[in-house]
Amino acid sequence: MIAKSKILISVFAALFLLLLGIQVYFMYKTYQVKERDIYRSVNDGLTNYTDDLEDIQEVKERNDDSLQEIIIQYHNKEISKKDFLRYFIENRKSARERLIHYIDSRYQKDGYEISARIRYLSIVHLPDSSKVITEPIVIFETKDKIKKPRIASIGSWETSSTKRNDSDKGHIEKKNTFLVKTQTDFEIRNIKSIVFKELTLLIICCIILLSGVLLLYIFTIRNLIQQQKQVEVLHSIVDNISHEFKTPIATLKIASKALKKEWNPDTLPLIDRQISRLESLMLQLHKDEIPDEMTAIQPEDWNFFIQDLSVTYPNCDFNLENTVSQKFPFDKNLMETVIKNLCENSVKYGASAITIHIRDNSQQLEIEVADNGQGMEAKELNSIFEKFYRIQNNNIHNSKGLGLGLYFVKKIITSYGGKTEVSSQLHTGSTFKISIPYEN
């Protein structure tokens, strides 16, 4: 299941990145289309207005020979370039003011920050095709300079001095004709913020969509993890119950054989205790059907635990030293599991004599189980309480277990806030010491 989850995570990550890439691509294309639309709108309006201004200026200059004279003078090198440019700037002053007013009134209300520029690209003397200017002349430019210009329009017009030919009535003769080419550039400085502002709703929808997909996936993964944990808990319960069933069943078998041979008044109480333990184990599988009650352990219960072990393992000498005289706020079934798992572990690993000490010391229940078994190497002591861990080399009885006994001991003691210590010498034996705090 873990492997499948990793595959699902990898597949989702790939699909999510693909979806994210598609969304980013379409957002980028939408941005470009929107940017072109805004520029086209501004371009159309600015081009129409500048064309109107040029038409007005052209009519004015056709009726006024001053422009013609200035160009002729500059062409004949009678005036300097500085005087030539100053004339154009002064001559275009009214048109420049009208253009600034148009930009301010037409686009500032929409939040556009526009930079514009009008240049004369060339002035050509048509009779001999000589160039009057060798580089563009800036006739108008807004205070904020253009950094990345967009061409709005390119136009041309002619200016010339004229006179009527009296010999040919109605004929107008043109002299010193000049062709002037103009270019209008503009730039929307805050184009990015404008486009993003207009695409805000679309961006929010995309983010919501991607977030929804991601959250749905996270929710699904969390559910899978929770289900996996539930499965692990179920497996743990099954392992626990199967392990706990072994001892009472084995004890009942021995008691049944003893009854078949001869009558013994101690056998019936033993059978009752094991049946009660089996019932307790069964109830753990159906906790929703009964109240969660705890049966406190009594002083005599410790003796019964050892008696049951003596019947189950008649070849092993169990020596109990019980000095407690009060009941403790610990569950009787859990304490039985602790004692029997420790003793059965000693028997499994070769012990023939086991000593159990039960005592009360400064509001702490102390349990000590010592055996004369095969013992353990020091490197094994940190691992014996792990789930499913088994020491194979010392399993002299070749007993097949699940490696759960000491794991449950550690788990129970830890749940009560207690401590578990172990010391061992190879071929000598092991000693387990448990201390559990309690309140009167």
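Setting aside neighbours within four places in sequence, isoleucine 356 is in contact with Ile306, Phe318, Asn319, Leu320, Glu321, Ile339, Cys343, Glu368 and Val369. Please keep in mind that this is a predicted model.

Some context on the whole chain. It has 10 helices and 12 strands. Of its 440 residues, 40% count as buried. Among contacts with a separation of 6 or more, 72% are between residues 24 or more positions apart.

In what order do its 5 strands come? The order is 7-9-10-12-11, in an open sheet with mixed pairing. Strand 7 (317–322) and strand 11 (419–425) are the edge strands, and each of them pairs on one side only. From one strand to the next, the twist averages 10°. Helix 8 (residues 301–312) packs on this sheet and touches strand 7, strand 9 and strand 10. The direction of helix 8 makes about 175° with that of strand 7.

Take the strand pairs in turn. Strand 7 and strand 9 are parallel, with 6 bridges. One of the residues involved is aspartate 317, whose bridge partner in strand 9 is alanine 353. On to the next pair: strand 9 (residues 353–360) and strand 10 (residues 364–371) run antiparallel and are joined by 7 bridges. Here histidine 357 has glutamate 368 of strand 10 as its bridge partner, and isoleucine 354 stands opposite aspartate 371 in strand 10.

Strand 9 and strand 10 form a hairpin, with 3 residues between them. Serine 362 sits in that loop, and its phi is near 55°, which is positive although the residue is not glycine. For background, most residues other than glycine have a negative phi. Is serine 362 buried or exposed? Serine 362 has a relative accessible area of 68%, and the cut-off for exposed is over 50%, so it counts as exposed.

There is a second case of this kind. Histidine 427 is not a glycine either, and has a positive phi of about 70°. Its place is the loop between strand 11 and strand 12 (429–437). At a relative accessible area of 60%, histidine 427 is exposed.

Threonine 431 is in strand 12. Why does threonine 431 count as buried? Because its relative accessible area is 19%, and buried means under 20%. Leaving out neighbours within four places in sequence, threonine 431 is in contact with Glu368, Val369, Ala370, Glu421, Val422 and Ser423. Glu368 was also on the contact list of isoleucine 356.

Back to helix 9 (residues 332–348). Helix 9 has 17 residues and spans 24 Å from its first C-alpha to its last, close to the 24 Å expected. How many of its residues are buried? The count is 13 of 17, and the helix is mostly covered. Helix 9 is followed by glycine 350, which has a positive phi, near 95°.

Leucine 406 counts as buried because its relative accessibility is 8%. Which residues does leucine 406 touch, not counting those up to four places away in sequence? They are Leu342, Asn345, Ile384, Phe385 and Phe432. Leucine 406 and tyrosine 389 are 17 residues apart along the chain, and their C-alpha atoms are separated by 9.1 Å.

Note on methods: Residues are numbered from 1 along each chain as its sequence is written. This is a predicted model: local features need pLDDT of at least 70, side-chain atom pairs count only at pLDDT 80 or more; totals for chains, interfaces and linings use all residues. Side-chain values use heavy atoms; hydrogens and water are left out. Two strands pair if DSSP finds at least two bridges between them. Helices (H or I, at least four residues) and strands (E, at least two) are DSSP runs, numbered from the N terminus. Axes are lines fitted to C-alpha atoms, for helices over the stretch in contact, and angles run from 0 to 180 degrees between N-to-C directions. Contact means heavy atoms within 4.5 Å. Buried means under 20% relative accessible area, exposed over 50%, partly exposed in between (1.4 Å probe, protein chains only). The expected span of a helix is 1.5 Å times one less than its number of residues.
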